[in-house]
Amino acid sequence: MANDEIWKVFFSDAARYADLINGLGFSGRQVVKPQDVKERDGQVVFYRSGFLRKVRNRLLGTSGTYTRDMVRKVIFGTGFAVVGLENQETVDYSIPLRILLYDAGEYERQATEIRRMVRNLMRKESGDGMSAGEFLYRFRKQDKLKPVITLLLYCGQEEWKGPQSLHDMIDFHGIPPELRETVPDYPIHLVEIRKLENTDVFQTDIKQVFDFIRCAQDGERLKQLVEEEERYGRMAEDAFDVAVAYTKSVELVGQKEEYRGEEGINMCKAIQDLMESSRHEGIEQGIEQGIEQGIEQGIEQTSIQYNKLILYLNRQGRIQEVVRVAEDAEYREALLREVEMDAVSGAEMRGRI
């Protein structure tokens, strides 16, 4: 399953959608409830302008309608806003224009619905009481659009150095400041997940997923994270899928049944097994490489001393030094003395006991 689809499944849960909006928009205050999040068709069409359709098709590489990653209607009292989510894993240097078109398409959809309503009203009342402009454009003075907000969730490892507003895409070289100020800007709402400093604003497992992504490239930090947070011991399957999509080891996705319990999937055990497997693999590769180097240097593979050094380094967690043992005779002799001193110290300690 592609990562876009994984995110769609994850945020199909209304409680998470509400939690994301509360965390990012209201610093964790519980303004939006799960029941306030309603389904909204993600398809957007530019109905009125053939030119806009051509621009949209050229930019997005599509024809006809296109579907946004995720979009919901969020109720606020007697009003509502349309909140869309876009998942991005690589830097898109045209993203302000793309989001501008997404949002414009949503506004155009609302305007089309209003025009349809006004047209039906005109059939009944013949446009009585409407001004010439209202009659001509089927949009009355009191008709208003609902706000549209798009949150861009960026999960890429590369630091976001792309534009964060439409102005960042425009070449203003030689343009007088007075004219530049008249050019409308369109900022994006960028959320760099790997740079989030405070995930405590989230109350659902968004916190665990975002924290996992932030630590995904640091094995020790990741291990510490899942061991200290008990919720990783019972993760929902769709949360597990999102989290492991950003680890260096995709085989965890296929192995999740091994870690499934009554309350969910045990991410802590999965990461422990993954790191143990990686450690053993690294040890085996280090020993194999060290033995090959030893043979090249004329050291017998069956040498008791050489095997003793490999075992000692393994026990000390210094397996990366195996190759140096094979290549550096002086270091090899020094290490042998270290092994002997360690053996003497161990014998003295056992004698005291």
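**View 1. Lining of the second largest pocket in the predicted model**. Thirteen is the size of the lining, that is, 13 residues surround the second largest pocket, and Ile21, Leu24, Gly25, Ile149 and Leu151 lie nearest its centre. A pocket here is an open set of points on a 1 Å grid over the protein atoms alone, where a 1.4 Å probe fits, with protein on both sides within 12 Å along at least five of seven lines, and lining residues have an atom within 4 Å of a point. The space in this pocket amounts to about 230 Å³, a volume being the space filled by probe spheres set on the points, which are joined across faces, edges and corners. At least two lining residues come from each of α2 (14-25), β5 (79-88), β6 (148-154) and β7 (189-192), where helices (H or I, at least four residues) and strands (E, at least two) are DSSP runs numbered from the N terminus. By class, the lining holds eleven nonpolar, two polar and no charged residues; Ala, Val, Leu, Ile, Met, Phe, Trp, Tyr, Cys and Pro count as nonpolar, Asp, Glu, Lys and Arg as charged, and the others, Gly among them, as polar.

**View 2. Packing of helix α7 with helix α9**. Helix α7 (residues 206-215) packs with helix α9 (residues 237-244) at an angle of about 15 degrees, and their axes are 9 Å apart. α7 is therefore roughly parallel to α9, a term for angles under 35 degrees. Val209, Phe212 and Ile213 of α7 meet Ala239, Val242, Ala243 and Val244 of α9, contact meaning heavy atoms within 4.5 Å. The residues of this contact are seven nonpolar, no polar and no charged.

**View 3. Packing of helix α1 with α9**. Helix α1 (residues 3-10) and α9 pack at about 150 degrees, with axes 9 Å apart; axes are lines fitted to C-alpha atoms over the stretch in contact, and angles run from 0 to 180 degrees between N-to-C directions. Ile6, Trp7, Val9 and Phe10 in α1 meet Asp238, Ala239, Asp241 and Val242 in α9.

Residues are numbered from 1 along each chain as its sequence is written. In this predicted model, local features need pLDDT of at least 70, side-chain atom pairs count only at pLDDT 80 or more, and totals for chains, interfaces and linings use all residues, while side-chain values use heavy atoms, with hydrogens and water left out.

Notes:
Angles under 35 degrees count as roughly parallel, over 145 as roughly antiparallel, 65 to 115 as roughly perpendicular and the rest as oblique.
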